[in-house]
Amino acid sequence: MPEFELYNASQSICSHKVRFALHAKGQDFEEHVLDLWAGDQLTPEYLAINPNGLVPTLIHQDTSIIDSLVIVQYLDELFPEPHSLIPDDALTRARMRSLMAYIDEVPKPAVRVPSYNMAFLVHFQNMPEDEFMAMANAKPLRKEFLLNFGRVGFPEKAYNEAIDRLGRSLERMQAEIEKSGGPWFLGNAFTIADIAMMPIIVRMADLGLGNMWDDKPAISIWHEAIQTHSAYTPTFYHGSLLTQQYPHLLQN
Ligand SMILES: N[C@@H](CCC(=O)N[C@@H](CS)C(=O)NCC(=O)O)C(=O)O
C-alpha cells in the first residue's frame, strides 16, 4: 500500500503541482480521480476530508492535507534530500514565497477564465437552471465564481481583463528569470515557485495562448526545461491536457 493517497482531477492545474512534487520526490501514491463536473468534490464524504470542496487533497497518516502549495511544501519538508525545492537561505526562501503568493493571486485565478470559456463551458451550457443553481450553491469557495460564469461564459470584458493579467504575469516572469540569470525563477535552483507556475504555462500553451511569450525567450527556455524534468511526463499523463479532453480546442 503506498504511503500517500491523492484525491485529484486529471486536468486540474492544482493537482498537476502535487502530482509533479510526488513524482519529483520519488513517492508512490494511490490516485483517486474525481469527476469535478459530476460534483464528486461536493459529496459529504469528500467535504469531510476537504471542506473547501476543491482538489487536490493528500492523505498521509490518516490525515488530510489541502491546498496544493501547502502539500508541495509538506512533501519537501518530509523529503528534502537529495534536492530540496525550498532554498536554504532565508532571504532566497522569502523571494520564493513572494513569487508563490504573486502566482496564486494573479495568473492562477486569471487562467481559469479562458479555461472555463474555451473548454469547461460545455459542462454548463445545457444544464437546467435548478441544477446549475444547486451546484453553485453547494460550492463552499467557488459559488460566486460559478454564478459569475453562468451558463454562457464570462463576458468579453472579464475575459480581456484575464488575458491582460496573464500578459502582465508573463512580463513579471520574464523579468524575474532575467534578474536571477535563469533558467528558473531563482537562477539555478529549481524551487516551488517554478512548480507553482508550471501548470499555468502548460494550460496557456494547451489553450493556444503560447504565442503570448513569443517575445519572451526566458519563458520559452523555462518551458522547454521543465518538460525535460523526470516528473513532467508522469504528471501530465494522457487526459491531463484540455486538448486531449476537449478536441474542439484543436480547431482554434
Ligand atoms: N487553493 C487551492 C485551489 C484548488 C482549486 O481551485 N481546485 C480546483 C481545480 S484546479 C477545483 O477543485 N475546482 C472544483 C470546483 O470549482 O468545484 C489549491 O491550491 O489547492
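Me: How far apart do the C-alpha centres of domain 1 and domain 2 lie?

Reply: They lie 18 Å apart. Keep in mind that this is a predicted model. The protein chain is divided into domain 1 (4-78) and domain 2 (90-251), and those bounds come from an automatic or database domain assignment.

Me: How do you know that domain 1 is in contact with domain 2?

Reply: Two residues are in contact if their C-beta atoms lie within 7 Å. On that test, 21 residues of domain 1 are in contact with 21 residues of domain 2. On the domain 1 side, α1 and α3 are the elements that give two or more residues. The largest share of that side, eight residues, comes from α1. By class, the domain 1 side has ten nonpolar, eight polar and three charged residues.

Me: Why is Val-18 called buried?

Reply: The cut-off is 20 or more other C-beta atoms within 10 Å. Val-18 has 30 within that distance, so Val-18 is buried. Its place is in helix α1.

Me: Which residues does Val-18 touch, leaving out those up to four places away in sequence?

Reply: Val-18 touches Leu-6, Asn-8, Pro-56, Leu-58, Ser-68, Ile-71 and Val-72. What about Glu-77, 59 residues apart from Val-18 along the chain? The C-alpha atoms of Val-18 and Glu-77 are separated by 14 Å.

Me: What makes a set of residues a nonpolar core?

Reply: Its members must be buried nonpolar residues of the listed kinds, joined through C-beta atoms within 7 Å. The largest such core here has 56 residues. Ile-192 and Ala-193 have the most contacts inside this core. Several elements each supply at least two of its residues, including β1 (4-8), α4 (90-105) and α8 (156-180). The largest share, ten residues, comes from α9. The core draws at least three residues from each of domain 1 and domain 2. In soluble globular proteins, nonpolar side chains tend to be buried together.

Me: Which residues does Ala-193 touch, not counting those up to four places away in sequence?

Reply: Ala-193 touches Met-96, Leu-99, Met-100, Phe-185 and Leu-186.

Me: How many residues surround the ligand, and which are the closest?

Reply: There are 14 residues around the ligand, and the closest are Ser-12, Cys-14, Leu-54, Ser-68 and Arg-142. The elements that give two or more residues to this shell are α1 (13-24) and α3 (68-78).

Me: What classes make up the shell around the ligand?

Reply: The shell has seven nonpolar, four polar and three charged residues.

Key. Residues are numbered from 1 along each chain as its sequence is written. This is a predicted model: local features need pLDDT of at least 70, side-chain atom pairs count only at pLDDT 80 or more; totals for chains, interfaces and linings use all residues. A residue is near a molecule or strand if its C-beta atom, placed from the backbone, lies within 6 Å of it. Helices (H or I, at least four residues) and strands (E, at least two) are DSSP runs, numbered from the N terminus. Ala, Val, Leu, Ile, Met, Phe, Trp, Tyr, Cys and Pro count as nonpolar, Asp, Glu, Lys and Arg as charged, and the others, Gly among them, as polar. A residue is buried if 20 or more other C-beta atoms lie within 10 Å of its own, exposed if 12 or fewer, and partly exposed in between; C-beta atoms are placed from the backbone.
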